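Biologist: Could you walk me through this protein and tell me where each label comes from? I'd like the cut-offs along with the words.

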Amino acid sequence: MESYEERLKISTQLNMSLKGRVNSYVERSRDMPVLIVGDLHGEMDSVHFILENFELDQNLLIFLGDYVDRGKESLELLSVLFDLQARRPGEVILLRGNHEDWGMNLRYGFARELSDKGKDLLYKPLLSWYESLPLMARIGEIMALHGGPPYPLPGNMDDLKKLTFQDERSMHILWSDPEDESYYPRGGGTRSFNRQELDAFLSLAQCQCMVRGHQYIPSRGYKINFRKCVTLFTATYGMGWSRSVMYLPEGPIQENLEQYIATF
Ligand SMILES: [Mn+2]
């Protein structure tokens, strides 16, 4: 098998040449069932559960970012993602989370994990890999991203498609949370989005709903805000509470999004 360094480079290439990609934006029709996976944070048991319980070869797979940090097996987890992607490069979309960032890795564990495993030298190809990850994927009427809408919202689709990680507005794609009773400001210039802002974003992108990760949801493992915003979290932080994924069969999406969420 190739080294981690080679596999990072291969995955970087596959991300860059992803079908339907324009800059940091991916657009695809929903012509097969879709499985959406939330934050994994280096927890291999979540990944094993998904591998064992879903027909991964027949679905479009979307991962919402935050693959690394916090858990102890970020490197092994990336390896599983690379395998999935190498098998079906067109049908695996790896989005960027706010933890796909070396500054975050220095604070939240992945840098230490690499060092403990004698893989410090992966730092460079890892940074290129982070930069290759798209920020948004629109699959039919579903918008998938890590945090929330860009802010200020671009005026039209062309400008939305031009957004890159270097643009300040994209920070909110990775960091925003919906405004609700559990909202807790993260500081550092991050913000929340309300129902109106979500609606404006969905209307701009001509989407019916948004699926995001980013927030750990104690006990239930998911939440729905404004009836159109699903938060998935697929790691447990070792708390033994529920994790969630979303499975959308082909056909029109019903208004009650809860029916598409699976917890485990
Ligand atoms: Mn996050």
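This is a predicted model: local features need pLDDT of at least 70, side-chain atom pairs count only at pLDDT 80 or more; totals for chains, interfaces and linings use all residues.

Biologist: What makes the radius of gyration agree with a compact globule?

Modeller: The radius is taken over C-alpha atoms, and the globule rule is 2.2 Å times the number of residues to the power 0.38. For 264 residues that rule gives a value near 18 Å, and the protein has 17 Å, so the two agree. If you'd like the dimensions too, the C-alpha trace spans about 50 × 40 × 35 Å along its principal axes.

Biologist: What share of the contacts in the protein links residues 24 or more positions apart?

Modeller: Two residues are in contact if their C-beta atoms, placed from the backbone, lie within 7 Å. Among contacts with a separation of 6 or more, 71% are between residues 24 or more positions apart.

Biologist: Now the helices. Why are α1 and α3 called oblique to each other?

Modeller: Angles under 35 degrees count as roughly parallel, over 145 as roughly antiparallel, 65 to 115 as roughly perpendicular and the rest as oblique. Helix α1 (residues 4-16) and helix α3 (residues 74-87) pack at about 50 degrees, with axes 10 Å apart. Those axes are lines fitted to C-alpha atoms, for helices over the stretch in contact, and angles run from 0 to 180 degrees between N-to-C directions. The pair is therefore oblique. On the α1 side the contact is made by Tyr4, Arg7, Ile10, Ser11 and Leu14, and on the α3 side by Leu75, Phe82, Gln85 and Ala86. Sorted by class, that's six nonpolar, two polar and one charged residues. Ala, Val, Leu, Ile, Met, Phe, Trp, Tyr, Cys and Pro count as nonpolar, Asp, Glu, Lys and Arg as charged, and the others, Gly among them, as polar.

Biologist: And why are α1 and α6 roughly parallel or antiparallel?

Modeller: α1 and helix α6 (residues 123-132) pack at about 20 degrees, with their axes 9 Å apart. They are therefore roughly parallel to each other. The α1 residues in this contact include Leu8 and Met16, and those of α6 include Leu126 and Trp129. By class, the contact has five nonpolar, five polar and two charged residues.

Biologist: Let's zoom in. How do you know whether His99 is buried or exposed?

Modeller: A residue is buried if 20 or more other C-beta atoms lie within 10 Å of its own, exposed if 12 or fewer, and partly exposed in between; C-beta atoms are placed from the backbone. His99 has 27 such neighbours, so it counts as buried. His99 sits in the loop between β5 (92-94) and α4 (102-108). Leaving aside neighbours within four places in sequence, His99 touches Asp66, Val68, Asp69, Met104 and Tyr108. Across the whole protein, buried residues make up 42% of the 264.

Biologist: What makes Arg138 buried?

Modeller: Arg138 has 23 other C-beta atoms within 10 Å, and is therefore buried. Arg138 lies in strand β6 (residues 136-139).

Biologist: Which peptide bond is cis?

Modeller: The one from Tyr151 to Pro152, with omega near -10 degrees. Pro152 lies in the loop between β7 (142-145) and α7 (157-162).

Conventions:
Residues are numbered from 1 along each chain as its sequence is written. Helices (H or I, at least four residues) and strands (E, at least two) are DSSP runs, numbered from the N terminus.
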